[in-house]
Structure formats: C-alpha cells, structure tokens
Amino acid sequence: MSNSPRRGFLAAVALAIPLVIAAAPAASATAKPEIKVSGGLTQPVFSYPDAIREHVRVQSSVDSDGDGKKDLVRVDIIRPKESGSGLKVPVIMQESPYYDDPGVGYEIEKKTYDADGNVTKFPMYFDNYFVPRGYAFVSVDMIGTRLSDGCPTSYGASDVLGGKAVVDWLNGRANAYDDHGAPVKATWTTGSTGMIGHSYEGALGAAGTGVRGLETIVNISGYTSGYENSRNNGTITWFKGAASWQSKRVDKDPDEKCAAVREKLLEDSDDATGNYNAYWHERNYRDGSISKARNIRASVFSVVGMQDRNVVGSQFSKWWAKLPSDIQRKAWVTQYGHLDPFWARRQVWVDTLHQWFDHELMGVSNDIMRRPRVDVQLGPDRWITQADWPAAAARTTTLRPQQDGSLGRKPSTGTGSYLDTAQTEIAMADYPATTNPNRLAFLTPPLKTAMRLSGTPSVSLRLTLDKPTANLGVLLVDYGTDTRINYRERGATAAEGLKFTGGEDCVGQSTADDDGCYLRAGDNTATSGSNVVTRGILDAQNHKSLSRSKPLTPGKPYRITWEMLPLDYEFKAGHRLGLVLTGTNDDFNLDEAGTGTGTDAEPGTGAKVTIDLAGTSISLPVVTSTTIK
C-alpha cells in the first residue's frame, strides 16, 4: 500500500482536521517526572515538542558487505525530556528497510533530519502518540538501508541480527557510538522493548532469536517464510530475480557496493527450480537456521489479511501454530490484503495497541488479556471475537466433485480434464456452468443456512498428466451476489481492500515538522456475483518434497494432497460453494509492483491434467454448517 501517493489525493479530500484521537495537555515543567496511569491507560503528560532527539550507531554481529568490519546500525531516538533526568522509560521500536524507498505506510513517509542529523519527522504516529505517554520511540534503519552500514539480504541473517543488536544495546549487552566515535549507553531506558513492524519490517525475525528484553512484538502482515513470499509449493509466485531486486530496491547506495552480495542472492535463491534450500532455510522464521518460533519469549499481537497476495495467510497460520503454548498472544484476522489496520479500523486499533503496550511494557493493569484473543472480520464493518484462531468449533467436512458438475458429500465416479494454462482467478471462476477447456468447476446446491469456515482447507487429487509436470491450481469460490471487501482494486486512492474517504485524523501531539495527521480510509467494497475465498497452488514435481523436484511419469496415476491457503469466511444462505480445478494461477505471477501480470514468473506448462473424480476431494474446516448431500 506504500505505493499510493498522498499529495495527489490530498487535493481531493476535505482539509478539516478533527482530532478524533486527541492528546491531553503536557504537564508543567515543575511537575515531578513520572508516568501517569488512569483508567488502565498511560496518560499524555510529557511534552512531545520538548522531547530529546538523538541518534547512535549500534555495532552488530555481522559483516554483510564483506568489508572486514562489523556493520553499524543507525538508530534514531525520541524520548521524553524527563528521561534525561532520571525517568526510565520502555521502548517502542520499529526496524524498517523502507525509510529510503518506497517509504513507510499508506502515505509513503520518510525521515527528515535537522542540521545535527537528528530526526525531525518520524514516519507514522508511534512517536506522536506514545512519547507523550512515557515511551521512547526507536526507529532503526535495517542493515544496508538508509544510514546503516552493510547490504540488505532479503530477509537473511543480517536483516534479523541488526535488530537483535539494537535490543541488546538497549539492555546493556552491545556497544553504540555517537558521530564522533564515543561510546553511548542507553541509561535512560528500562530495557523493556516492544517491536512493531509491517511486512518486511523486522519484528518477527528478531523475536525468533529469543533475544532478552524484547517483551512483545506487534506483527502486521509480517513474513515468517521468505520462501512463501516468492514461492508456493514449488511454483514461483514472484518474478525471477526478486531476491536480488528486493535488496537493491531498499538500498540507495551506489550499485557496486553490494553487487557481489546481490549476485549471490540471485544464485542461491535458485529461480531455476523453485525448490526450498539452505538459502530459504535461513529466511524461515518458523523453524529456520537463524530465527525460530519456538525460541520466542515475547508476547505476540499479530495481524493477517486473508486476501494478502504478498504475505499470504499461511505465513501467519503456520507460525501461529508453532508459537510456544505459554506465549501471551492476540490476533486480528481480516478480509483485507497487505495492509496495516491503522488505515482500516483506526480508533479501535490505536486504543487496542495502547492497551497492549501499556500492559506488556509498563505492567499496567487493564483488561486487554481478559478480552477474547482474536478479532475476526467477516465482511464490511462486520467483526466478531473468539477465543483463538482457528475457531475451536471447526470440524472437517469433506466434499467431492460429481460428474454432473455438482459438489457434494457422496462418492463419485468418472473423470474430467483440463489444460494447464496461465489464467487469472476471475477468468477461472467466472461462468462456472460454461464449459472451459482450462478448468473444471463444481458447485454445491444453494445453502439453506449460512456456513462459516475457519482454518486451513486441504485438497486431494487423483490425476494423470501427459507431461512430466503441471502447475496445479485450486480455487474455493463463493457464488452469490453480495457486497464484499474489494481487495483486488489497486490505484492512487484505493488498494488492498481500503479507500481514502476524505479528511484526516491527528494522532497524538505534534510539531511544525511532524503533525501526526493521517488521511482517513475505510472499507473499499464492491458488489459482485462471486468471490474467490482462498486458493491452493502446487508444482506437481514437488508434491513429495519442496527441496527436490521429481518429474511425474506421463500416463501414471498419482494421488496428490496439499494444504490450501487458510481462510476465515462466511458463505451466506442462498450462496453456493464452488470448487474450481485449474492450472497456473496468473494472479500469483507477481511483478515488481506486487500485482499479478503473468509476464515473468510461471507460464502454463500446457499439460493435460486428467482428474479421477472418485479419488478427488476438498476438506473444509467448518464452524457453522448447513446440510450438503
């Protein structure tokens, strides 16, 4: 969403700036410096304009550019003035590669600096809102970006260990220096640190190192697997060369500085096969070589968009399932794409985030942990809560395609076939009753009552190919006219399920350089006759192993079973569930802008896929059900 320009749109929105999230006046200069809590919340008693602004360079444990020196990580800090005279404060930290390009947030903000090199404008609202409440905000340039040393490694070890080094410094275990090389200690902090990050920003990786002092993370559509960002079960879903391009995109140093690093990224990522290897294992934050979910000590507040094409839902669901059982956790599960809920549900989000950080970093007694653990969005302006995710009541229901084109529970007979060609999801799902040589479509009867699914579906195909491989695609489709979140539209004023709605909200306190004001956005909806709810993608050569491709024998029958992407979705009464079997999913042939173009990743193989209906089924995690025969 950071590709949406703000200023071009500002001319079209109202200029009134109501203070929806208001700040209380700062305390007088003579008041005793202490953090004030009222009603289970820290209060804005510290002056944002008077806050201390400084910067240091923290020594990391890595030499990502191979120059023989450990990379120094640029850290920009803003903290209450009173922390310079004895008040110790916790830290909210954002480690980002985006401060140069493309910028941070929906409004693509970048840092600005004064003559001393201190930041006068921090992207996003964390400083404006939380510094007056007694927090320090620490903004970290990920290694190889902005003012940090080194080279970005596209989710690799240096991306993770740079952030860890900053947490270590905040807790007295690493060294930092000022511009003159003099050592600097973080004597002003309690050491309690919370990291917040969207997408590539580094909260998840650092947490998986088990670093002490990192008390909580807020993970917003964050990567837990670099492989699943560029691959899906052996298929290449982002354009070839993406690993090297990603590193170059966020680094504005001369190309020659990191050319050798990028060449190795390109070689090791193995676009030729799409297989999982040691390169991808390093970038696996679930159980990889650098960061592991089982090592996490921090509490977790996670946000996932089930229609995210960039960080797909399995990046959340598989990591969530691997978290240690004693980890305090909370989640928002949405129908959006790749976005931060600050733009979607602003007031509720800021209130919830405030309570979360107060509880986890300040030890404030409030009810954040007594509320239901998970908020689930079922549709436009429709949210429910539940005890965990997926819903505990979910039970597996298996449906089977029938020779007459229906989808039901009884065993079936017969066969069907299609060609593996690259098609968009809309082309695959439209007009299901029409014969299409590139897909097979099966529909349930109209549902008598609503049916909610929560969890991860799986599909099992019995098939033969006339070539050594094919890209196998499966869609689960909601057929029925409804107004839904429009996650497909991307433009200057709408993307990922949201649109600008006019006006601004000012969040926290401000200065002349940093007003803390942000455009309002709301649900972008569209009325349509169908909606692709989730999908599954697989290179048939990888059906036994993601690490090794093995061509199939043409004409030989195989049973291939794999998990689709997770979902939490309600099919309304009168709608029909559709199962579409097809080939290459063109929507996951992503280009540099993250849109599906089909121009550079996976072409269709042209293979004929013959499906044995008797051995084919889809298993669904059903919470509330209607009878399907």
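Biologist: Does Thr334 count as buried or exposed?

Modeller: Thr334 counts as buried, because its relative accessibility is 4%. Buried means under 20% relative accessible area, exposed over 50%, and partly exposed in between, with a 1.4 Å probe and protein chains only.

Biologist: What kind of model is this?

Modeller: This is a predicted model, where local features need pLDDT of at least 70, side-chain atom pairs count only at pLDDT 80 or more, and totals for chains, interfaces and linings use all residues. Residues are numbered from 1 along each chain as its sequence is written, and side-chain values use heavy atoms, with hydrogens and water left out.

Biologist: Back to Thr334. Which strand is it in?

Modeller: Thr334 lies in strand 15, residues 329–334. Strands (E, at least two residues) and helices (H or I, at least four) are DSSP runs, numbered from the N terminus.

Biologist: And what is Thr334 in contact with?

Modeller: Leaving aside neighbours within four places in sequence, Thr334 is in contact with Val303, Val304, Gly305, Met306, Gln377 and Trp383. Contact means heavy atoms within 4.5 Å. The C-alpha atoms of Thr334 and Val376 are separated by 6.0 Å. Those two residues are 42 apart along the chain.

Biologist: New topic. How many helices and strands are there in the protein chain?

Modeller: The protein chain has 11 helices and 33 strands.

Biologist: What comes just after helix 3?

Modeller: Gly172, with a positive phi of about 75 degrees.

Biologist: Now helix 6. Which of its residues are buried?

Modeller: Ala242, Ala243, Ser244, Trp245, Gln246 and Ser247. Helix 6 spans residues 242–249 and is mostly covered. Its buried residues pack against helix 7 (259–269) and helix 8 (278–282).

Biologist: Zoom out. What does the C-alpha trace span along its principal axes?

Modeller: About 85 × 55 × 50 Å for the protein chain. Buried residues make up 60% of its 629 residues.

Biologist: And how do contacts run along the sequence?

Modeller: Take contacts in the protein chain between residues at least 6 apart in sequence: 76% of them join residues at least 24 apart.
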